[in-house]
Amino acid sequence: MRRAAAILLGLCLLWPAAPAGAADRAPTGWASTGPGATGGAGGRTWTVHTRAELKAALANDGEPTAPKVIRVAGDINGHESDDGSLLGEQDDAPGYDLAQYMSCFGEDGSTWSDTRFDHCKRQRQLRQTGSNKEKAQIQLTVPAHTTLEGAGRDARLLGVFLTVNTGSNIIVRNLHLEAPVDHFTSWSPDDGTHGSWNARFDAMTVITGRNIWIDHCTFTDGRFPDREAPLGFHGERVQRHDGLLDIEDGSDFVTVSDSRFEDHDKAILIGSGDGRGDRDRGHLKVTFVRNLFSDIVQRAPRVRFGQVHVVNNVHRGRAPLYALGVGVESAIFSERNVFRYPGAGPSLAVAAYGGAEFHDTGSWFNGRPARLNAVANALGLGSDVGWDPADVYDHRALNSPSAVERYVLRHAGAGRPHGRP
């Protein structure tokens with residue numbers, strides 16, 4: 001007994017603890033309004049090491065919406081079967097071949113034909129079947145009244161399609177989330193000027209969720225960056241990733257804090273579509289506070305309809321297409337954000353995508369005042385977004401670019417120490 005206790009004590013000392021203060025913090029921003037976001041506090045605690053264990057913990061012995069805290073230890077792979085083996089493309093759709101699928105559009109990728117080659121009809125069917133099987137394998141849904149958190153500094157969800165679907169009062173914290181690779185991404189010849197790949201899975205999607213707090217997480221493409229994807233049409237890489245985080249279908253009261261979004265194309269989309277005002281209008285109230293956007297190409301975030309507060313975030317790395325996308329009926333209130341893109345100008349910070357209003361106060365671009373309201377005005381945008389976060393919830397913004405960068409670079413992301421701004 002003494003020897004067993006000593007071994008157990010040794011393991012506890014070796015296992016990295018969650019950042020101090022993680023359990024007793026409360027969200028800033030929209031997630032703090034109304035009933036707030038307390039997750040599964042006071043409920044059963046699970047510690048999980050495999051996909052099967054995580055799935056069982058989410059089901060919570062038949063009471064999925066009862067309060068619970070689920071602690072992820074180590075790596076959990078979305079493609080892990082119940083027996084521990086890893087499933088791949090050929091397990092989901094034996095015989096599927098990307099090159100054969102592409103050949104059915106012709107050399108320029110302009111038109112699909114089932115009869116172009118003998119294999120075309122079969123490849124179309126295999127792609128559809130494989131996509132559905134991959135979704136069923138990697139999608140894990142977080143129910144209401146749940147805290148899902150990393151048990152140590154290196155807890156990772158690899159290739160998991162994490163979703164919230166009508167759930168409320170949820171906390172996701174201290175996790176590395178590696179975006180899934182869509183093995184069956186589809187080519188749409190009529191999407192855009194020359195066609196586009198459309199991958200299906202995000203690292204995390206919130207659908208009709210309420211009072212959600214995403215805190216101290218790291219979102220990335222991880223082991224499968226876009227630059228290593230196979231070549232597709234027109235000499236460009238096949239796009240196997242969708243977003244890192246999408247918030248849609250009337251979701252509300254969400255805060256994303258102290259997190260990292262790294263090395264990705266289309267990072268964050270808020271809103272279901274330009275024509276979905278019936279679901280999204282009056283909702284999509286989201287706060288992004290003290291996050292790091294590093295080498296993000298676009299959508300950091302792109303917003304439709306929502307009242308979105310972006311405050312004390314840091315955007316840096318390679319010059320993007322744009323950072324903040326002003327979509328249909330959006331009301332983005334930008335406050336004291338840092339944009340650091342050497343050799344570029346502040347016009348990269350804002351892009352108009354059908355919206356009418358955008359407001360910024362006090363942001364900086366390469367260390368100097370960004371004057372983003374003037375940038376937005378040049379795009380035909382007004383500055384009256386119709387709301388001020390200070391009228392809705394208490395928050396304290398850091399007031400210098402050095403203070404914002406110092407805090408975010410030290411504290412944002414999974415496994416990093418929690419601080420008090």
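Are F261 and F293 buried or exposed? Both are buried. This report works from a predicted model.

**Aromatic pairs**

The structure holds 19 aromatic pairs. In one of them, F261 and F293, the ring centres lie 5.2 Å apart and the planes meet at 10 degrees, so this pair is stacked. Planes under 30 degrees apart count as stacked. The pair links distant parts of the chain. F261 belongs to strand 17 (residues 260-266) and F293 to strand 20 (residues 292-298), 32 residues apart.

Y341 and F365 make another pair, with ring centres 6.1 Å apart. Their planes stand at 55 degrees, so the pair is tilted. Y341 sits in the loop between strand 26 (338-340) and strand 27 (350-353), while F365 is in strand 29 (residues 364-365). The pair therefore ties together parts that are 24 residues apart in sequence. Y341 is buried, with a relative accessible area of 3%. F365 is buried too, at 6%.

Ring pairs also build a cluster. Its members are Y96, Y101, F105, W112, F184, W187, W197 and F233.

**Charges over rings**

Two arginines sit over aromatic rings. The charged end of R44 lies over the ring of W46, 3.8 Å from its centre. R302 lies over the face of Y353, at 4.2 Å from the ring centre.

Helix 5 covers residues 120-138, which is 19 residues. At 1.5 Å a residue it should span 27 Å. Its end C-alpha atoms are 27 Å apart, which agrees.

Which residues of helix 5 are buried? They are C120, Q123, L126, R127, G130, S131, E134, Q137 and I138. Seen down the axis of helix 5, they fall within an arc of 135 degrees, so they line one face of the helix. An α-helix has 3.6 residues a turn, so residues three or four places apart point the same way.

What covers the buried residues of helix 5? The cover includes three helices: helix 2, helix 3 (89-92) and helix 4 (98-103). It also includes strand 4 (139-141), strand 7 (161-165) and strand 10 (186-188).

**Helix 2**

Helix 2, part of that cover, runs over residues 51-59. Its residues R51, L54, A57 and L58 are buried. They cover an arc of only 125 degrees around the axis, which puts them on the same side of helix 2. N60 follows helix 2 and has a positive phi, near 55 degrees.

**The disulfide**

How many disulfides does a search of the whole structure find? The search finds one. This disulfide joins C104 to C120, with an S to S distance of 2.1 Å. The link is left-handed, with -100 degrees about the S-S bond. C104 lies in the loop between helix 4 and helix 5, and C120 lies in helix 5. The two are 16 residues apart, and the pair links distant parts of the chain. Both cysteines, C104 and C120, are buried. C217 also counts as buried, at 0% relative accessibility.

The table sets out their values.

| Residue | Loop | Relative accessible area | C-alpha partner and distance |

Leaving out residues up to four places away in sequence, R299 touches K266, A267, I268, L269, Y322 and A323.

What does G36 touch, not counting residues up to four places away in sequence? The contacts are A31, N169 and N211.

Technical notes. Residues numbered from 1 in each chain as written. Predicted model: local features only at pLDDT ≥ 70, side-chain atom pairs only at ≥ 80, totals over all residues. Heavy atoms only, no water. Buried < 20%, exposed > 50% of the residue type's maximum accessible area, 1.4 Å probe, protein only. Helix = DSSP H or I, 4+ residues; strand = E, 2+ residues; numbered from the N terminus. Arc of directions from axis to C-beta. Expected span 1.5 Å × (residues − 1). Contact = heavy atoms within 4.5 Å. Disulfide = S-S within 2.5 Å. Phe/Tyr/Trp six-rings, centres within 6.5 Å; stacked < 30°, edge-to-face > 60°. Lys NZ or Arg CZ within 6 Å of the ring centre and 35° of its normal.
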